[in-house]
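Biologist: Could you pick one spot in this structure and give me a close look at it? After that, I'd enjoy a walk through the packing elsewhere in the chain.

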Amino acid sequence: MNIPTYRFMKKVIQELQLMYEEAGVPLKSIHIGGDEVAEGAWQGSPICKDFMLEYSMTDVQELSDYFIMRIVDFLKEQKIPFSGWQEVVLGHDEISERYLTDNAFGISCWRTSANNHSDELIYKFANKGYPVILSNATNFYLDLAYDAHPDEPGHNWNGYVDESKSFALLPYCIYRSIRTHLLANQKQEEKTSLTAEGRKNIKGVESALWSETIRNYKGVEYYLFPKIMGLAERGWHSSPIWESMTGIDEQLAFEKDLAFYYKRISQKEIPYWDKMNINYRLPFPGLYIDKDGFLFANTPILGGEIHYTTDGKEPTKNSKIWNKPVKCRTNEVKAKLFVGNKKSVTVSMNSQFN
């Protein structure tokens with residue numbers, strides 16, 4: 001590896017090995033990244049152009065293949081399997097794919113959109129023999145905002161992720177993991193199916209918490225709890241009963257399972273988080289005013305109190321408690337969920353009565 005890039009990579013790998021040896025911990029794999037190369041970065045590089053000419057390369061895919069193979073070669077010499085994002089294993093010929101599948105530890109699949117069919121890559125990779133780790137941005141990117149509320153921190157480039165989204169992922173029925181998507185109920189035979197051998201290559205689930213919007217550790221806790229509970233649930237129980245169901249039966253089974261999930265969060269996790277002073281997030285209550293002017297409210301969290309106002313003021317613990325439909329002729333309703341000393345963000349809705 002005489003080229004500076006490869007000397008640098010070799011040095012990084014060697015230093016990682018030394019760190020693990022000093023700690024007495026086995027180094028099972030090194031993640032080589034591979035995603036988000038800036039568009040045009042290699043095409044616009046004089047060094048890359050000269051290198052491609054020297055080695056008779058006709059396109060950037062060949063250059064990418066060369067780079068990845070050199071890194072994997074060195075890791076193989078050190079008896080260290082590689083890991084990487086899904087881009088690392090895209091576009092290779094059959095010989096290269098056999099080499100990569102033989103030396104891969106885990107391929108993290110993150111871009112899983114039904115709009116551009118990238119959700120099919122998960123099963124395509126698994127069927128080819130790659131060990132796949134489900135890192136779906138649609139379900140497991142924890143720095144995506146919980147929802148579209150203006151007071152919620154986080155990104156929204158790939159929609160929103162809350163604890164119900166992480167809970168909804170189905171490793172072996174991946175196309176049904178985005179329940180609100182227009183294609184969520186698309187027949188699986190219209191897309192790449194997971195073979196029996198491919199099923200063995202779905203190795204696990206993985207969440208990502210990127211730090212661009214995090215300013216302190218309380219922010220970390222807010223993103224993690226409770227949405228990480230869905231990751232834990234799906235890692236522990238990958239095939240819920242509703243996986244094999246369809247139609248209204250599937251919907252009812254999912255809702256029953258989801259209600260039990262929230263019950264366990266309410267009764268087991270929240271008391272512990274309170275005890276440990278963890279900055280978890282409470283969902284704001286749902287509000288609805290029917291045609292007769294009755295206010296309805298709900299929350300999936302058990303043991304909490306929904307406090308509301310009809311005079312435009314912020315709800316506090318001293319505000320009225322909603323526990324049954326109430327007549328509500330007002331311009332605006334505001335509400336918050338309170339659990340112990342915690343409270344949700346405020347949700348408001350305009351009434352149809354003026």
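Modeller: Happy to! Contact here means heavy atoms within 4.5 Å. This is a predicted model, in which local features need pLDDT of at least 70 and side-chain atom pairs count only at pLDDT 80 or more, while totals for chains, interfaces and linings use all residues. Residues are numbered from 1 along each chain as its sequence is written, and side-chain values use heavy atoms, leaving out hydrogens and water.

Our spot is Glu 163. Beyond its neighbours within four places in sequence, Glu 163 is in contact with Tyr 146, Pro 226, Lys 227, Gly 230, Tyr 261, Tyr 262, Arg 281 and Pro 283. Glu 163 belongs to helix α7, residues 163-168 (helices, H or I, of at least four residues and strands, E, of at least two are DSSP runs, numbered from the N terminus). Glu 163 is buried (under 20% relative accessible area; exposed is over 50% and partly exposed lies in between, with a 1.4 Å probe and protein chains only).

Now for the aromatic rings. The structure holds 22 aromatic pairs (Phe, Tyr or Trp rings, the six-membered one for Trp, with centres within 6.5 Å; planes under 30 degrees apart are stacked, over 60 edge-to-face, the rest tilted). Trp 110 and Tyr 141 are stacked, 6.2 Å centre to centre with 15° between the planes. This pair links distant parts of the chain, 31 residues apart: Trp 110 sits in the loop between β3 and α5, and Tyr 141 in the loop between α6 (137-140) and α7. Both Trp 110 and Tyr 141 are buried. Tyr 288 and Phe 296 make a tilted pair, at 6.3 Å and 45°. Phe 296 counts as partly exposed because its relative accessibility is 32%.

One last stop: Tyr 6, Trp 42, Phe 51, Tyr 55, Tyr 66 and Phe 67 form one aromatic cluster.

How values were computed
Lys and Arg count as positive and Asp and Glu as negative; His and the chain ends are not counted. A salt bridge is a side-chain nitrogen of Lys or Arg within 4 Å of a carboxyl oxygen of Asp or Glu.
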